[in-house]
Amino acid sequence: MFVSTNIGSYLATGSGLQTAVLNELRRLGVRPKKSLGQNFLVSESVLSDILDVACIEAGDHVVEIGPGLGVLTERLVRKGASVLAIEKDDTFARHLKDAFAHVPAVTVLHSDILMLRSLLQVLKTFKPAHGAKLKVVSNIPYNITSDLLSVLLPMRGALQSIHLLLEAGAAERLTQAQPGDKDYRAMSVIVQLYSQARTCFGVSRSAFHPVPGVDSAVAEFILHDQLDERLLEHEAAFVAFINGAFSMKRKTLANNLKRTFPQPDIEKCFDNSALSPLVRAESLDLDTFVALFGCFQARSS
Ligand SMILES: C[S@@+](CC[C@H](N)C(=O)[O-])C[C@H]1O[C@@H](n2cnc3c(N)ncnc32)[C@H](O)[C@@H]1O
């Protein structure tokens, strides 16, 4: 047994994961923090299903955000993966460093993933020598979902895929919303820009301790190798354009764009794309946004 924690010894004895998690929390003297979204997985079958959908195999390099007690971390290592485990909580980061101290396949980074300015650099250092891209597999706090995806999705050079346990509604919104749906928003367009997304399976709230108020789902984002070539060199500007287009839900697209573009450009570009002046961002697909953005770019250069 390479892990010296009670979670590890649970694997040896075959007692319940829920009991092992509760015992470990008691041993560490911690109460789960709501502010850090600390709901721990206590379902062996969900852990195993996550490894399956993420196609984890020996030699994979996996980034795990919010490893907590290290339950998923340990399953990843048992599959033969190397894991970069990034944990914000002081107690858990210390616990993970102790628990995996003699496991060379695990690197623990005590950090807030959203404050890590050098994340891309860290990921590049962790990348395997043969150059294969990294997989992200994580049970994250629900409240960082959008911020985290905004950071990870553009990292196609470093990342191959992202599998996240999310609040079920958010997973559905992010992976399934299409133009015209009430849940279609800026993040839906950004997800489509960068990835092929789907909801893999639902997870009952009873699979966690403490039990959260909502069910969860595992969402998958397979990152595109290439960005649409019309956006090369303009990636950040396009994302800002999309956020601007959706900024005021009640306003028309033209009104939302007014703050950034001169009225004649708006009229000309809407005309070029055969768009009504009253159209709303919620009804346009990615391709139309790319064409519209291209027109604004051409007129401003
Ligand atoms: C939902 S719990 C998951 C714990 C563990 N992975 C599991 O499945 O049992 C979320 C974890 O993310 C950590 N966390 C919260 N915000 C974070 C952040 N900004 N950066 C890194 N870790 C964070 C929490 O401390 C907690 O360990």
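Reader: In this predicted model, is the crossing of helix 9 and helix 10 right-handed or left-handed?

Author: The crossing of these two helices, helix 9 and helix 10, is right-handed.

Reader: At what angle do helix 9 and helix 10 pack, and how far apart are their axes?

Author: A packed pair of helices is described by the angle between the axes and the distance between them. Here helix 9 (residues 186–194) packs with helix 10 (residues 235–245) at about 155 degrees, and their axes are 8 Å apart. Angles over 145 degrees count as roughly antiparallel, and helix 9 and helix 10 are therefore roughly antiparallel to each other. In the contact, Ala186, Val189 and Ile190 of helix 9 meet Val239, Ile242 and Asn243 of helix 10.

Reader: What is the order of the strands in the open sheet?

Author: Strands of a sheet pair through backbone hydrogen bonds, in either a parallel or an antiparallel sense. This open sheet has 7 strands in the order 4-3-2-5-6-9-7, and its pairing is mixed. Strand 4 and strand 7 (195–203) are the edge strands, each pairing on one side only. From one strand to the next, the twist averages 20 degrees.

Reader: In which sense do strand 3 and strand 4 pair, and in which sense do strand 6 and strand 9 pair?

Author: Strand 3 (residues 82–87) and strand 4 (residues 106–110) are parallel over 5 bridges. Between strand 3 and strand 4, the chain passes through helix 5 (residues 90–99) in a right-handed β-α-β crossover. Strand 6 (residues 159–167) and strand 9 (residues 216–223), by contrast, are antiparallel over 7 bridges, and histidine 163 stands opposite glutamate 220 in strand 9.

Definitions and conventions: Residues numbered from 1 in each chain as written. Predicted model: local features only at pLDDT ≥ 70, side-chain atom pairs only at ≥ 80, totals over all residues. Pairing = 2+ DSSP bridges. Helix = DSSP H or I, 4+ residues; strand = E, 2+ residues; numbered from the N terminus. Right-handed = clockwise from strand over helix to strand, strands pointing away. Axes fitted to C-alpha atoms, helices over the stretch in contact; angles between N-to-C directions. Parallel < 35°, antiparallel > 145°, perpendicular 65-115°, else oblique. Left-handed = near helix turned anticlockwise from the far one by under 90°. Contact = placed C-beta atoms within 7 Å.
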